[in-house]
Structures are given as structure tokens and as C-alpha cells.
Amino acid sequence: MPVYSVKVKWGKETYPDVELNTDEEPALFKAQLFALTGVTPDRQKIMVKGGILKDNSWKGLTIKDGIMVMLMGTKEEDIATEPAKKPLFVEDMSEAELASAMDMPGGLENLGNTCYINATVQCLKSVPELKNSIIDFTSEGFGFEPTSGVVSAMKDVYSRLDKNNNAHPMLLVTQIMSAFPRFAERGEGGHFAQQDANELFLELMTVLKQKLPPIKAENQIKTYSSVIDQYFGGSFN
């Protein structure tokens, strides 16, 4: 009976003295290799001097004691499987998904030449004391007094931005243009005209100075007329 002792090399592993019987079907040898390596027979590719082992024949292969048999194949548990949830690439994400994935804060949509409003309002939001004062602002509601409507609209925007949600600032834009008609100018095609952010900043600071009281603090000696004087004002001695 032609029984040989061969070496089997699989990746970095080498198995000496593996029995190979050419009187038996190659499937038995593959079963032996499965027991040694964990590579299932259907994933095995066995190379011997002279060629590749077929499923049902040893023909064409030179088999003798001590030869090196090369095994190629991967254990089933080592094979990458398709994830249950397919990865979502940056270029395929919506603005909301991108903001969530990158932990980006919410922003304001541009309604056409309204970026000066967005920039100014978000700039003011970066001062925590001012932002909190605006969020605490109460009024009788929109439409009664234009400047109160501006502060109320800012409050609405800040509340949504604090939840990392993008905000549609139509109400804010409407209130600003109602309170300050020059910002309601339109250019060719009926689109909003470009405006200066600094001019809006000055108008908003004036309104906020009128509407927001100072923040009470313990052991505070100096008195202030508004939160704007308290955190944006100064004096020379």
C-alpha cells in the first residue's frame, strides 16, 4: 500500500509526518488537513510537486516520502463577513448624518444672501452669558413689537442649535427685516440684497441692550443697565 509521510505547510505553520495514502480518495487526505488546520475541504487548495491535487485523483502528482505539500485556504471563522449594517461613506451622507458623525454643531440654512445674518447670530451665540439671557427672554409673542420679535426669534434659533439641529431661519430673517427694513432690500431677480454683517451686529446689540436685563451675581458691586453693558461694556480710568 503506497503510504507516504509528507510535510504540510500552511501559511506560517508546518506539520511534519502527515500520512498520505494514494490508494484512498484525495477527500480523505483533505479531511486529515481539515482536522489539522480547520480549513474545510471546499476551501482547500493543495499543491504538490507536479501540480494541484484534484478532488478525485492523484494523477499527475509526484508523491514520495518527505516532500512538501502546500496548503492554501482560510478557516471559515477567519473569513470576513458582510457587516449587518453596511458602512456609510462621507460622500454618501446627508448634512444631518455628516454633522452627527463628525459631532459638528448645528448650523443655519442660507436663504439666499442671508449668510450675514447667520454669521452674526452664531457669533453672538458663542458668548454663553448672552446666549443664556436670550434663551431666558420672555415676551408677549411675535408681531406685537418688532424688536421683541427679533429676540424671540433668536431664542428659537438658539434652542434648536443647542440640540445640534440645523435650523431654518425664516422666522428670524422675517423678524429682522420687519424691525430693520433696510435689510429687506431686494436686488435683481427679487432676491435678498447683500448686506453688511457689522451693520446688523450693531443693530442687534442695540436691541439686546434694550431687552435683556443684567445677570445677577453674588457679591456684585457694580450695577449694569443690561447684559450687553455687563459683558461687552468697558470703561477707562
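Buried denotes a relative accessible area under 20%, exposed over 50%, and partly exposed the range in between, computed with a 1.4 Å probe on protein chains only. By this criterion Glu199 is partly exposed, at 33%. The model is predicted, so that local features need pLDDT of at least 70 and side-chain atom pairs count only at pLDDT 80 or more, while totals for chains, interfaces and linings use all residues. Residues are numbered from 1 along each chain as its sequence is written, and side-chain values use heavy atoms, with hydrogens and water left out.

**View 1. The salt bridge between Arg182 and Glu199.** The closest N and O atoms of Arg182 and Glu199 are 2.8 Å apart; a salt bridge requires a side-chain nitrogen of Lys or Arg within 4 Å of a carboxyl oxygen of Asp or Glu. The pair links distant parts of the chain, with Arg182 in the loop between H6 and H7 and Glu199 in helix H7, 17 residues apart. Helices are DSSP runs (H or I, at least four residues), numbered from the N terminus. Arg182 is partly exposed, with a relative accessibility of 34%.

**View 2. The salt bridge between Lys211 and Glu145.** An N to O distance of 3.0 Å joins the side chains of Lys211 and Glu145. The two residues are 66 residues apart and connect distant parts of the chain: Lys211 belongs to helix H7 (residues 197–211), and Glu145 to the loop between helix H4 (128–135) and H5. Lys211 is partly exposed at 25% relative accessible area, and Glu145 is partly exposed at 29%.

**View 3. The salt-bridge network of Lys125, Lys131 and Asp162.** Within this network of salt bridges, the side chains of Asp162 and Lys125 meet at 3.3 Å, N to O. This pair, 37 residues apart, links distant parts of the chain, with Asp162 in the loop between helix H5 (146–161) and helix H6 (170–179) and Lys125 in helix H3 (residues 115–125). Asp162 has a relative accessible area of 37% and is therefore partly exposed; Lys125, at 22%, is also partly exposed. Side chains of opposite charge can pair when their charged atoms come close. A search of the whole structure finds 8 salt bridges.

**View 4. Ser152 and Gln175.** Ser152 lies in helix H5 and has a relative accessible area of 11%, so this residue is buried. Ser152 and Gln175 are 23 residues apart in sequence, and their C-alpha atoms are 9.1 Å apart in space.
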